[in-house]
Amino acid sequence: MVRLVLDGRAYDLPAGTDAAALRRRAEEVMSGRAGNVGLDRITLADGDVLAVNWRAVGTVRVVEAGSQDDA
């Protein structure tokens with residue numbers, strides 16, 4: 001399982017989520033390398049959809065189950 005943590009709030013993501021790709025996407029947008037596009041719709045483990053404006057987020061962590069950051 002992968003968990004997305006935005007400004008301290010955790011969201012569980014569906015099985016099969018590519019954690020490395022999600023980290024790259026967040027980094028590209030937050031650094032400005034992705035241009036002016038910063039809004040993504042992310043499907044959560046429970047089926048809900050989370051709209052994320054990466055430019056409005058202060059801190060992002062992508063945590064994989066079993067990692068030291070998994071808490």
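Because the model is predicted, local features need pLDDT of at least 70 and side-chain atom pairs count only at pLDDT 80 or more, whereas totals for chains, interfaces and linings use all residues. Residues are numbered from 1 along each chain as its sequence is written, and side-chain values use heavy atoms, with hydrogens and water left out.

**Overall fold**

The protein chain holds 1 helix and 5 strands, which follow one another from the N terminus as β-β-α-β-β-β; here helices (H or I, at least four residues) and strands (E, at least two) are DSSP runs, numbered from the N terminus. With a radius of gyration of 12 Å, close to the 11 Å that the globule rule gives for 71 residues, the chain is as compact as a globular protein of that length; the radius is taken over C-alpha atoms, and the rule is 2.2 Å times the number of residues to the power 0.38.

Of the contacts with a separation of 6 or more, 52% join residues 24 or more positions apart, where contact means heavy atoms within 4.5 Å. Buried residues make up 30% of the 71 residues, with buried meaning under 20% relative accessible area, exposed over 50%, and partly exposed in between (1.4 Å probe, protein chains only).

**The nonpolar core**

The largest nonpolar core has 16 residues, and L4, L6, L13, L22, I42, V52 and W54 have the most contacts inside it; such a core is a set of buried Ala, Val, Leu, Ile, Met, Phe, Trp, Tyr and Cys residues joined through side-chain atoms within 4.5 Å. The elements β1, β2, α1 and β4 each supply at least two residues of this core, as listed below, and α1 gives the most, with 4 residues.

| Element | Residues |
|---|---|
| β1 | residues 2-6 |
| β2 | residues 9-13 |
| α1 | residues 19-31 |
| β4 | residues 49-53 |

**V60 and its surroundings**

V60 is found in strand β5, which covers residues 60-64, and counts as partly exposed because its relative accessibility is 26%. Leaving aside neighbours within four places in sequence, V60 is in contact with L4, V5, L6, A26, M30 and W54. The C-alpha atoms of V60 and R23 are separated by 8.5 Å, although these residues lie 37 residues apart along the chain.

L6, one of the core residues named above, touches V60 in turn, together with Y11, L50, V52, W54, V57 and T59, when residues up to four places away in sequence are not counted.
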